[in-house]
Amino acid sequence: MSGDAATEQAAEYVPEKVKKAEKKLEENPYDLDAWSILIREAQNQPIDKARKTYERLVAQFPSSGRFWKLYIEAEVNILFYFFLYRDYSIHCSNRKQIRNIAK
């Protein structure tokens, strides 16, 4: 297996608990236990991968301020890191330090 294929396979890996939660949501789209699993998984993903889960969540529960807050915080965090990285890079000549901050 080439390095690219291994990377793709790792990127596509979906934990068993997430698969089970998705199955539960097919049966009952209001299952909060299943949504909790998906939310925790989304919180550990980059926003570009997690955004779909957050959008599904707020579409299912459009009046839930708590769920909207989770989604907004995830979006704001990426903006915070972007601006931190940009401002810090102006004052720092060590690119390795910049990469470590952006992670």
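Helices here are DSSP runs of H or I with at least four residues, numbered from the N terminus. Keep in mind that this is a predicted model, where local features need pLDDT of at least 70, side-chain atom pairs count only at pLDDT 80 or more, and totals for chains, interfaces and linings use all residues. Residues are numbered from 1 along each chain as its sequence is written, and side-chain values use heavy atoms, with hydrogens and water left out.

Start with confidence. pLDDT is the predictor's confidence in each residue, from 0 to 100. The protein chain averages 81, and 68% of the residues score at least 70. Among its elements, helix α2 (residues 16–27) has the highest mean, 97, while helix α6 (residues 95–102) has the lowest, 51.

Now look at α3 (residues 32–43) and α4 (residues 47–60). Their axes (lines fitted to C-alpha atoms over the stretch in contact, with angles from 0 to 180 degrees between N-to-C directions) come within 9 Å and cross at roughly 145 degrees. Trp35, Leu38, Ile39, Ala42 and Gln43 of α3 make the contact (heavy atoms within 4.5 Å) with α4 residues, including Ala50, Tyr54 and Leu57. The contact residues split into seven nonpolar, three polar and one charged.

Next comes the second largest pocket. Ala42, Gln43 and Tyr54 turn up again among its lining residues, which also include Leu70, Glu73 and Ile78. Two or more lining residues come from each of α3, α4 and α5 (65–91). Which element gives the largest share of the lining? That's α5, with five residues.

Definitions and conventions:
Ala, Val, Leu, Ile, Met, Phe, Trp, Tyr, Cys and Pro count as nonpolar, Asp, Glu, Lys and Arg as charged, and the others, Gly among them, as polar. On a 1 Å grid over the protein atoms alone, a cavity is a set of points where a 1.4 Å probe fits but cannot get out, and a pocket is an open set with protein on both sides within 12 Å along at least five of seven lines; lining residues have an atom within 4 Å of a point.
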